[in-house]
Amino acid sequence: MAIVAPRRLRENAELAINGGRPCQPLPVEDTGVIREAADTVAEIIRTGQINYWRGGPQAKALERRFAQFIGKRGAFFHNSGSASLLTGLYALGVDEKSAVAISSSGFVASLNALYHRRSRPVFLPTCPRTLVCATDVGPWLMESIDVLLVTQLLGNVIDIDALLTSVKPNHLHEDASQALGSKLRGQYVGYRGEVSSFAGSNRKLLGAGHGGINVYDRDDIGERMRVIGHHGKASTQFGEVPGFNFRGGEMEAALALAALDRFEQKRQMRLDSAQAFRQPLVQAGLQLAEPPAGVDCSVVWFDTAIILPEEWSEERGWLVDALRMEGVPTWIYPSLIEMPWLRPWMESMGWWGERENALLAQERALWNRVFVVGSQMSCADSARCGEIVAGLLAVP
Ligand SMILES: *Cc1c(COP(=O)(O)O)cnc(C)c1O
């Protein structure tokens, strides 16, 4: 089945964006926060102790349970997902002498973390079918790689085992922020990283309201992260490294614990919601980001990505506005190599060359055709949004 031409849809006088019908409100968003945890949070407020040096009882309980859940030895709860990415890289020894291979498919926080360590990004291309990091990336790599930093964007799963055979880094850091609950070969996403980061901000399944968590196996790496996240201080008054105040608070830890108690139920809700959205789109023949073919994995979709035909590249911005006015909560992810500040910085370091030019063109051409809709709404809302998108884009 064909996709409508941009010109045809732009001429559709019935659309809200063309003044044809009233704008529709966006559906209620599932922020991931468990309301039943309100009493626990109130109790924490009554104690007056909402934050402890090196984490209080709630944060410690969360760290134990979350590490166990993923199958790792330890965890460190942070005050944001972005903070956990930065401490993770720092603890793995990333600095201005490091080369970090980073998937151009990702959320900007991972690239920002790398910038703040002043290390050299070596971008990896996006697979146009999965919209996560391609696994056969050998031709893009000319240098030896200290750390591989990959993002399981959309909740989709990268075949990390395959990727590691072509990158061969000294360390692996996973940004698993969107993929809590997704699995590769029977293990949760985040299990393979020497450090793996999960975000707890809005919409994330971690459900902290605001926070992030790193899991790890090596105690020395865990301790190093705690030092970095506590102003660079271990036990003495003096800092060992220039650190940050990144530890997570008790109220957020209690929220995340409550979300972990109900994880199965929340996971199923997100799965059902994504399925309800995807079904009419698949029926209409639209191209969606898919799990890697032939790989043993299961995906808890955080977002469903729709990949438009090329003729839509220039009109995607308009389409996103039009869909939002029809009541569909639509988002865009630019690829990381497109960040406007990146190229001037890399040029000033002598790090931008032909390879980067080629990859920028390739990534832009792909991501210009993509928009996403999240699974953080009720099944009924998802089904309705799927019908709207399919109804507008598919030529019957
Ligand atoms: C949300 C998110 C982050 C950042 O988390 P914050 O808690 O908002 O700082 C990092 N990476 C990915 C992939 C995310 O989706």
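Here are a few questions and answers about this predicted model.

A word on the ground rules: residues are numbered from 1 along each chain as its sequence is written. Local features need pLDDT of at least 70 and side-chain atom pairs pLDDT 80 or more, totals for chains, interfaces and linings use all residues, and side-chain values use heavy atoms, without hydrogens and water.

Reader: What radius of gyration does the protein chain have?
Author: Let's start with the rule for a globule, 2.2 Å times the number of residues to the power 0.38, with the radius taken over C-alpha atoms. For 396 residues, a compact globule would come out near 21 Å. The protein chain agrees with that, because its own radius of gyration is 21 Å.

Reader: What share of the residues in the protein chain is buried?
Author: Buried here means under 20% relative accessible area, with a 1.4 Å probe and protein chains only. Out of the 396 residues in the protein chain, the buried share is 56%.

Reader: How are the rings of W345 and W351 arranged as an aromatic pair?
Author: The structure holds nine aromatic pairs, and W345 with W351 is one of them. Rings of Phe, Tyr and Trp (its six-membered ring) pair if their centres lie within 6.5 Å; planes under 30 degrees apart are stacked, over 60 edge-to-face, the rest tilted. These two centres are 5.4 Å apart and the planes make 85°, so the pair is edge-to-face.

Reader: Is W351 buried or exposed?
Author: Its relative accessibility is 11%. That is under the 20% cut-off, so W351 counts as buried.

Technical notes. Buried means under 20% relative accessible area, exposed over 50%, partly exposed in between (1.4 Å probe, protein chains only).
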